[in-house]
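Q: I am new to this structure and would like to learn how to read its features one by one. Could we begin with a single residue and its surroundings?

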Amino acid sequence: MPIPARLLHAILWLIGCLPFRALHVLGGGLGMLTRWFGLREARVAWRSLALCFPAMDPLQRRALWRANLAETGRTLLETARFWTRPAASNLMLVREVQGRELLDAARAAGRGVIIAAPHLGNWELLNQWLATQSELAILYRPPRKAWGDALIRRFRAQPGVTQVRAEASGVRILFRHLKDGGMLGILPDQQPKRGDGEFAPFFGIPALTMSLLPRMAHKTGAAVLMAFAERLPGAKGFRIRLLPGPAAIADADTMKAAAALNASIESCIALAPAQYQWSYKRFTIRPDGAEAIRYD
């Protein structure tokens, strides 16, 4: 393993040794420092909230921004634990599961299940929980550095999980997996490359939205569920939430499907808005002729 990978692994392992309550406190402090020093994450989150909630009272939006930076810091430090500790230990933090019957019914139908998991709460813990329910394939976008890809694959490796790169050969694997009745986890709010998606409203703003998930749902007949691992207050653990995806996500009209997908993501965010990854630049690719959206 290259030296940068070894160093990063050691740092994450040491962070993961800390008690969960300490990670919660330190993560909140990390978010506060991000805000004080005006770092990129703080600036982008501020801009994203202004774009998506223009009618929100300014004081309320500022409070949401502060809370979001604290939650983002917690997500970062928690992930160090989830990547470096046994899944069985991590899953002891799951206190409640809402909507399990939806997953059970979808699996019993035998036609494959697509789990659309937005960047909300802690998606790494969600992946580990899902792997205890069924054989799980995870679609991921590999880092630019080969050693980074190897490290991510090592961190996420566990029994019952197949990691699939977001490329043509990987997509074929996923189609077969779903047609065989398997379960797929995918992050539906990542901005795809131009030509790989459709523009659909996201909080009222045209956002380039992946067409892969709706296309797979349409062609395989797989059930679509929304899911996220919601952080409970006071470092008390997590609540897994599973919600039904609307039938329109599998519509043959890709624009209609993309709009339904984004609406479902918004519904998830509404349940825990401070825990969404607002520091992600969701609107950098604009429709032809539209004015660019600046984050800095």
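A: A contact means heavy atoms within 4.5 Å. Leaving aside residues up to four places away in sequence, Arg35 touches Ala42, Trp65, Arg66 and Leu69. Residues are numbered from 1 along each chain as its sequence is written. This is a predicted model, in which local features need pLDDT of at least 70 and side-chain atom pairs count only at pLDDT 80 or more, while totals for chains, interfaces and linings use all residues, and side-chain values use heavy atoms, with hydrogens and water left out.

Q: Where does Arg35 lie, and is Arg35 buried or exposed?

A: Helices are DSSP runs of H or I with at least four residues, numbered from the N terminus, and Arg35 lies in helix H2, which covers residues 20–36. Buried means under 20% relative accessible area, exposed over 50%, and partly exposed in between, with a 1.4 Å probe and protein chains only; Arg35 is buried.

Q: Which side chain of opposite charge is nearest to Arg35?

A: Lys and Arg count as positive, Asp and Glu as negative, while His and the chain ends are not counted. A salt bridge needs a side-chain nitrogen of Lys or Arg within 4 Å of a carboxyl oxygen of Asp or Glu. Arg35 has no salt bridge, and the nearest such side chain, Glu71, is 13 Å away.

Q: How exposed is Met32?

A: Met32, which also lies in helix H2, is partly exposed, with a relative accessible area of 33%.

Q: How much of the chain counts as buried?

A: Of its 296 residues, 53% count as buried.

How values were computed
Helices (H or I, at least four residues) and strands (E, at least two) are DSSP runs, numbered from the N terminus.
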